[in-house]
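Hi there,

Here is the structure I promised to pass on to you. Have a look through it first, and then read on for my notes.

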Amino acid sequence: MSFSRFLAAGAVAFGVLHSTVTLAATPCGHSPAHEAFDIQALKSELMVTALSCNAQDRYNAFVGKFRSTLLNEEQKLNTYFRSTYGSSAQREHDDYITQLANIQSEKGLQSGTIFCMQRIAMFDEVNALESSEDLANYTEAKDVTQPASFETCAAPASSHSARPARRATKAKAKATRRA
């Protein structure tokens, strides 16, 4: 098999796999939790950018402009975490926020000195938005970095006895380090 045929076969296989993954993700649709996670991720990325690039005033302007939207989306996140994690909702929510900031900060560190040049324009982009709908559409199109450990579909029925897989992994990692 020639290299070009091999490459073409690989591209077709990737396309089939990608469409399968896309179809598998479709049942979630555009749930309120999905939008809330997207907006939280954008808010976090803007905060990381503000702190890293000395643009706190621009971040504050963003928060001021979209305060009601940010509060509404935060309430949706709170509802998601309460219905998913029950009595450990606050801890899980805090873990998510920490993971989110960590992954976005790591991304910034990997970018090095061009991070600010790449990210500061986001403040101009969000400043041009006029409504909460514009903000939701922007966050969906922006594809802001998220930790992979949270499902963003509507929350499932509460099952307080089940612990998230990442918690079990953390516990195993701690036990392994101690041994």
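The structure holds 8 aromatic pairs, and since this is a predicted model, please read everything below with that in mind. One of the pairs is formed by F37 and F81, whose ring centres are 5.9 Å apart with 45 degrees between the planes, a tilted arrangement. This pair links distant parts of the chain, as F37 sits in helix α2 and F81 in helix α4, 44 residues apart. Both F37 and F81 are buried.

Another pair to look at is F62 with F66: the centres are 5.8 Å apart and the planes stand at 45 degrees, so this pair is tilted. With a relative accessible area of 4%, F62 is buried, and F66 counts as buried at 3%. You will also find a cluster in which ring pairs link F37, Y80, F81, Y85 and Y96.

On to the cysteines. A search of the whole structure turns up 1 disulfide. The partners are C53 and C116, with 2.0 Å between their sulfur atoms. The torsion about their S-S bond is about -95 degrees, so the disulfide is left-handed. Because C53 belongs to helix α2 (residues 32-53) and C116 to helix α6 (residues 115-119), the pair ties together parts that are 63 residues apart in sequence. How do the two compare in burial, at the 20% cut-off for buried? C53 is buried, as its relative accessible area is 15%, while C116 is partly exposed at 26%.

Helix α6 also contains R119. Is R119 buried or exposed? Its relative accessibility is 14%, so R119 counts as buried. Leaving aside residues up to four places away in sequence, R119 touches E45, T49 and K107.

Searching the whole structure for cavities of 30 Å³ or more gives 1, and the largest cavity holds about 50 Å³ of space. Which residues line the largest cavity? They are A36, I39, Q40, K43, L70, E73, E74 and L77. Helices α2 and α4 (67-85) are the elements that give two or more residues to this lining. Sorted by class, the lining has 4 nonpolar, 1 polar and 3 charged residues.

Happy exploring, and do write back with any questions.

Best wishes

Methods:
Residues numbered from 1 in each chain as written. Predicted model: local features only at pLDDT ≥ 70, side-chain atom pairs only at ≥ 80, totals over all residues. Heavy atoms only, no water. Disulfide = S-S within 2.5 Å. Helix = DSSP H or I, 4+ residues; strand = E, 2+ residues; numbered from the N terminus. Buried < 20%, exposed > 50% of the residue type's maximum accessible area, 1.4 Å probe, protein only. 1 Å grid on protein atoms, 1.4 Å probe; cavity = no way out; pocket = protein on both sides within 12 Å on 5 of 7 lines; lining within 4 Å. Points joined across faces, edges and corners; volume = space filled by probe spheres on them. Nonpolar A, V, L, I, M, F, W, Y, C, P; charged D, E, K, R; others polar. Contact = heavy atoms within 4.5 Å. Phe/Tyr/Trp six-rings, centres within 6.5 Å; stacked < 30°, edge-to-face > 60°.
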